[in-house]
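Then look at selected packing details.

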Amino acid sequence: MTTPATPPPVIVARGVSKKFLTHTSKATQLKERFVKGRGGATVEFWALRDVDVVVGEGETVGLIGPNGAGKSTLLKVLAGILRPTAGEVEVHGRIASLLELGAGFNGELSGRENVYLNAALLGLARREVDRLFPAILEFSEQADRIDDPVKHYSSGEYVKLAFSIAVHVDPDVLLVDEVLAVGDEAFARKCLAKIEEFQQAGKTILFVTHSLDLVTSLCTRGIVVDRGRVQYDGDPAFAVGTLRKILGTDRPVGAPEPVAQIGGHVVHAAVASATPGGPRSGRFSAGDTLHLRLDIEALPGPTVHAGDVKVVFMGAGDIPVFSLRTPEGSSLPPRAGRYCVDFAVEVPRLNGAFIVGVQVDEPGTGLPITARRFDSAIWVETGELPGLLDVPATVEIHSAEAVS
Amino acid sequence: MVAPASTGPDRASLGRARAQAQSRIRWELLSQLVRKDLKVKYQGSVLGFVWSLANPLFLLGIYYVIFTYVFAQDAPDYHVYLMAGLLAFTAFSQGVSGASVSVVGNAGLVKKVRFPLLVLPLSGVGFALVQLGLQLPVLFLIALLSGVNFLHLPFLLLLPALVVLVVFTTALGTLVAALNVRYRDTSHFVELTMLIWFWLNPILYAAGYVQSALTDRLGWPDWTYDAYFLLNPMATVVSTVQRAVYQDTYYVDRNGATQQLLADGGYAFYLRNLAVALALSCLLLWLARRTFNRMQADFAEEL
């Protein structure tokens, strides 16, 4: 299952910020520089702001976010194509960046010549290309067209060839922008199989995509970037959930907006721990006792309501898995002040990462007063088999004749 | 799913091996890029590489006709003298012009692929040098057919002259390639400069004419003639290539007067000029690389 191990870091980005200057008229001509001087009207735009990303060896990280969030800029900074305005980037091992398929292709050259040129750009020696050429050719399915100029290729043939070069370059770190699965369905499947091969070989992959299904099925980790900042970094399912929340696609169209805050109560923190009120712990096994301490403040005001506290444990895709609530008659008193609410729960036989949502309701009416979601994941590991629930079962095998 | 952790020293030795392989890969990348440029340039043309000879040969023909019949230049085998200087300077001007647009012209690559960007201006220079490599044998052939036997000791001067040509062209090409990314005027400026620079070198006129013009007609001191070569590495390259191939320093014109065609009859003059030109070129190369390395981090952004 997908658990965050601590492999040696391959990509380390610390405090990375990237500022773009959009000149209303860019002084690319000397004349303008002399005429206008340096003080032309420029608009600063921070594409990245204080981004910290550490990617360990063997991780497959999906970088997701709305359009213009800074994903591609981050990828370019990590690839060393753009220089960060602040912060530093370290990359260990051979890195191949695939920001555009066939970026180095020249239409006039034949497929074969382009393979050699492109591979040389990606850092391959001629002898290595000689060795890899048959494999590239076979994977690309372009054997009969390889000596035609690529300007005569269809767009599908073009990306197939470009993709096969890229995946045969055999980097330690693969940075990919939006091009993980290309071509027709059969070829796209082949691409994904190749990516899985990469994963099994312990390669590190970081890719930008808008295909959220790919993130949940392929990644060991998801990073959500929005407005230049990392909004979430962790379990891919939650990353997808967080992004859908940002995009507003997390609820079916027409569903009512949840009431975020009527007033009265603020949920400051929800800390899961192995001991009551102990330090935060993110890792439990079935049968452990999980202590969840909530820090809730009832704000002073003209009317302070009493409050029922409800906690929902949610799994991938924000599916509620189980809930807890304060029992009848032990609500938060209708007095301003700060309260600790301690829940203790025996961890059920679950698998995966979970987050908690906390909601305070008015006891009489059941109307929600406030709700808040805490995105730090609580990992529960029970069994080896895939599935949210680990179900004990017995299996017997009989000979078919004996049964009938 | 998690790979076995690689240990520290393992990684370090891998790094060293890669650094060694790096320079070889750069050369291969460079040769691939030059090959690409050559192929793309002559793709689909029937005559192909012949065109790389046609241009200088036609230019040569035009200059020859004008200077022999209009300006009455009567040095024997003037066309060999003319071609020697012309080819050297064309390689320089094409190399620098090609390099100046090399980064901007490959914007798609620079923005999308990480590779050593320095190979871009080098490929522009390399392209011009390959052309020179095709043109020089033609020069030798024409010289031999015209009865100019250049296979004597001065011919060895060709080698250091070409070294200076390569270093100087690379240096200037690298510098303008980097500058052209930020100031697109650079490539236009380079073109204009090359037009003027062509006439600053003794290509069409005799090098000896420069000496008499400076000292006799203008009355300037003798050292101005030395300065003419020492300050302009291309004048040194051009005059040395002429000395290597043409060889007859003086000739007698139709009025019976002795005229000096080459810059100097000896060796010391050329060797001194070459040494200074090489030193200047190396200095410029160092400066150009520094500038390029400093500016290249912003190329992807500025393109």
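The model is predicted: local features need pLDDT of at least 70, side-chain atom pairs count only at pLDDT 80 or more, and totals for chains, interfaces and linings use all residues. Residues are numbered from 1 along each chain as its sequence is written, while chains are lettered from A and ligands numbered from 1 in the order in which they are written.

**Confidence.** The predictor gives the complex an ipTM of 0.80 and a pTM of 0.74. pLDDT is its confidence in each residue, from 0 to 100. Chain B averages 87, and 93% of its residues score at least 70. Helices (H or I, at least four residues) and strands (E, at least two) are DSSP runs, numbered from the N terminus.

| Helix of chain B | Residues | Mean pLDDT |
|---|---|---|
| α1, lowest | 8-42 | 74 |
| α7, highest | 158-182 | 96 |

Over residues 1-9 of chain B the pLDDT is below 50. Where pLDDT is low, the predicted coordinates should not be read in detail.

**Sheet.** In chain A, three strands make an open antiparallel sheet, ordered β10-β12-β15. Strands pair if DSSP finds at least two bridges between them. β10 (265-273) and β15 (337-346) of chain A each have a single partner strand, so one side of each lacks a neighbour in the sheet. Eight bridges join β10(A) to β12(A) (residues 289-298). There, A270(A) stands opposite L294(A).

**Helix pair.** α4 (residues 126-140) and α5 (residues 155-168) of chain A pack at about 140°, with axes 8 Å apart. Axes are lines fitted to C-alpha atoms, for helices over the stretch in contact (C-beta atoms, placed from the backbone, within 7 Å); angles run from 0 to 180 degrees between N-to-C directions.

Methods
pLDDT is the predictor's confidence in each residue, from 0 to 100. Two residues are in contact if their C-beta atoms, placed from the backbone, lie within 7 Å.
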